[in-house]
Amino acid sequence: MASAPSPPRVPKPKGIQPSHYYESFLEKKGPCDQGYKKLWAGLQGLTISFYSSNRDFQPLEKLDLRAFVKLTDEAPWAGSRDPGIHFSLVLRDQEIKFKVESLESREMWKGFILTVVELRIPSKLTLLPGHLYMMAEVLAKEEARRSLETPSCFLKVSRLEAQLLLERYPECGNLLLRPSGDGKDGVSVTTRQTLNGAPVVRHYKVKREGAKYVIDVEDPFSCSSLDAVVNYFVSHTKKALVPFLLDEDYEKVLGYVDADKENGENVWTVSSAPDSDPGPAPPAGGPKSLPPVASSQDKLPPLPPLPPLPSQDDNYVTPIADAPAADYVNQDVSSSGCLVVPKPKKLAKAPAKPPKPPTLPKPVPKGNNRPPARKLVGGSPQAAFLATRLGDVTAELQERLQKRRALEQ
């Protein structure tokens with residue numbers, strides 16, 4: 001029987017190669033990396049993306065330049081034969097070290113990063129006229145892109161909520177944009193700084209006039225976009241004001257880098273969710289599962305009968321003054337080695353009935369001069385303990401007992 005023909009293979013859709021303002025190979029070392037790793041890097045907007053090669057279109061990692069602090073040059077270690085040129089990118093939450101092959105590559109990376117962050121062409125770098133022209137084009141593209149976007153530090157909160165956010169999360173920035181309180185198209189800027197240990201909160205009004213935003217200060221300044229408004233406050237305060245950026249950049253979909261079997265390129269693959277959660281697999285040789293708990297409907301074996309509860313007086317050592325005279329003969333005498341826990345003393349009451357005459361001891365067999373131990377009433381441990389010690393009562397303790405009874409009467 002002839003086998004059924006296999007279905008035609010459908011080629012996988014290839015990703016679109018991303019476009020960047022600037023891109024090249026460099027070596028990167030993050031705060032958790034032990035050494036440098038060579039990657040393909042590309043700058044687009046306020047994001048630097050890193051790829052394993054220049055043919056990949058899904059980045060392995062991204063850096064957000066909205067948390068930019070500064071760029072620094074680093075000299076190689078003393079005695080090191082490393083010919084690379086080093087520089088560092090300092091963000092608010094981390095510092096990343098880079099190594100490039102030439103001084104020109106380092107100046108190019110620094111120039112494009114400063115251009116998109118500060119929205120101006122840097123003037124203190126060693127750049128050629130052609131490099132400056134490229135950065136001017138990038139500056140125009142970035143200004144056009146930001147004019148269509150809302151800054152990340154713009155939040156739809158009230159004046160009080162803005163103050164609370166800046167107070168609660170000072171590490172996220174100290175400048176925040178919010179809608180204007182008058183209900184118009186304008187916005188307000190709230191800042192919070194510390195002066196001599198005391199917080200200083202200020203609010204600024206930004207009016208909307210056509211397609212422009214006018215900052216309402218002593219010398220009004222017109223901006224083409226909200227991002228230009230933020231850049232005005234940052235640049236005119238010597239970068240003392242930092243745009244507020246709440247750290248909420250967490251992925252919602254699980255993905256990983258996988259190798260394409262057809263062309264060998266690395267692709268970004270989204271993990272498919274399982275139909276049901278099987279739960280964690282038990283480890284080999286691990287602890288056994290607990291036995292099931294019996295429900296209320298299961299039949300339980302009958303419990304053994306409980307012993308009779310002792311009387312309340314049997315739980316304590318009976319004091320001398322409160323011992324009943326009719327039950328014991330030498331019950332009031334306790335051994336010197338036994339700890340007596342006294343009860344609270346009660347007022348002596350007149351006996352309702354005359355006391356019974358004491359019971360005479362039984363005759364003792366010859367050869368035993370010790371007085372016999374009397375049987376105690378009750379089965380408590382204290383009574384059994386006292387019964388074993390009654391044979392060691394001395395004449396001195398009997399005299400003390402008689403004197404004490406005489407005093408009480």
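# Contacts, rings and buried parts

Colleague: Which residues does Gln44 touch, not counting residues up to four places away in sequence?

Modeller: Gln44 touches Ser19, His20 and Tyr21, with residues up to four places away in sequence left out of the count. Please keep in mind that this is a predicted model.

Colleague: How many residues apart along the chain are Gln44 and Tyr21?

Modeller: Gln44 and Tyr21 are 23 residues apart along the chain, while 5.4 Å separates their C-alpha atoms.

Colleague: Where is the place of Gln44, and is Gln44 buried, exposed or partly exposed?

Modeller: Gln44 has its place in strand S2. Its relative accessibility is 31%, and Gln44 therefore counts as partly exposed, as the range for that class runs between 20% and 50%.

Colleague: Where is Pro31 found, then?

Modeller: Pro31 belongs to the loop between strand S1 (22-29) and strand S2 (37-44). With a relative accessible area of 57%, Pro31 is exposed.

Colleague: Which residues is Pro31 in contact with, leaving aside neighbours within four places in sequence?

Modeller: Once those neighbours are left aside, Pro31 is in contact with Gln94 and Glu95.

Colleague: Let us step back. How many helices and strands does the protein chain have?

Modeller: The protein chain has six helices and 14 strands. It is made up of 409 residues, of which 29% count as buried.

Colleague: What share of the contacts with a separation of 6 or more comes from residues 24 or more positions apart?

Modeller: Such residues account for 42% of those contacts in the protein chain.

Colleague: And what does the accessible surface come to?

Modeller: The accessible surface of the protein chain comes to about 30,000 Å², and 56% of it belongs to carbon and sulfur atoms.

Colleague: Now the aromatic rings. How many aromatic pairs are there?

Modeller: The count comes to eight aromatic pairs. In one of them, Phe221 and Tyr232, the ring centres are 4.7 Å apart and the planes are at 25 degrees, so the pair is stacked. The cut-off behind that step is that planes under 30 degrees apart count as stacked.

Colleague: Which parts does that pair tie together?

Modeller: Phe221 lies in strand S12 (residues 221-223) and Tyr232 lies in helix H4 (residues 226-235), so the pair ties together parts that are eleven residues apart in sequence. Phe221 is partly exposed at 36% relative accessible area, whereas Tyr232 is buried at 14%. Both residues also belong to one aromatic cluster, formed by Tyr204, Phe221, Tyr232 and Phe233.

Colleague: Why is H4 described as largely enclosed by the rest of the structure?

Modeller: Eight of the ten residues of H4 are buried, and therefore the helix is largely enclosed by the rest of the structure. Among the buried residues of H4 are Leu226, Val230, Tyr232 and Phe233.

Colleague: What do the buried residues of H4 pack against?

Modeller: They pack against several elements, including helix H2 (129-147), strand S9 (187-195), strand S10 (198-209) and S12.

Colleague: Which charged end sits over the ring of Phe25?

Modeller: The charged end of Lys38 sits over the Phe25 ring, 5.4 Å from its centre. Likewise, the ring of Tyr36 has the charged end of Lys99 over it, 4.9 Å from the ring centre.

Colleague: New topic: what is the volume of the largest cavity?

Modeller: The largest cavity has a volume of about 30 Å³, and the structure holds one cavity of 30 Å³ or more.

Colleague: Which residues line the largest cavity?

Modeller: The lining consists of Leu26, Ala41, Ile48, Phe50, Phe87, Phe98, Trp109 and Ile113. Strand S3 (47-51) and helix H1 (103-118) each supply at least two residues of this lining.

Colleague: Last one. What is the phi of Leu119?

Modeller: Leu119 has a positive phi of about 55 degrees, although it is not a glycine. Leu119 is found in the loop between H1 and H2 and is buried, with a relative accessible area of 15%. Lys238, also not a glycine, has a positive phi of about 55 degrees. Lys238 has its place in the loop between H4 and strand S13 (255-259), and at 82% relative accessibility Lys238 counts as exposed.

Key
Residues numbered from 1 in each chain as written. Predicted model: local features only at pLDDT ≥ 70, side-chain atom pairs only at ≥ 80, totals over all residues. Heavy atoms only, no water. Phe/Tyr/Trp six-rings, centres within 6.5 Å; stacked < 30°, edge-to-face > 60°. Helix = DSSP H or I, 4+ residues; strand = E, 2+ residues; numbered from the N terminus. Buried < 20%, exposed > 50% of the residue type's maximum accessible area, 1.4 Å probe, protein only. Lys NZ or Arg CZ within 6 Å of the ring centre and 35° of its normal. Contact = heavy atoms within 4.5 Å. Areas by Shrake-Rupley, 256 points an atom, 1.4 Å probe, with all protein chains shown as cover. 1 Å grid on protein atoms, 1.4 Å probe; cavity = no way out; pocket = protein on both sides within 12 Å on 5 of 7 lines; lining within 4 Å. Points joined across faces, edges and corners; volume = space filled by probe spheres on them.
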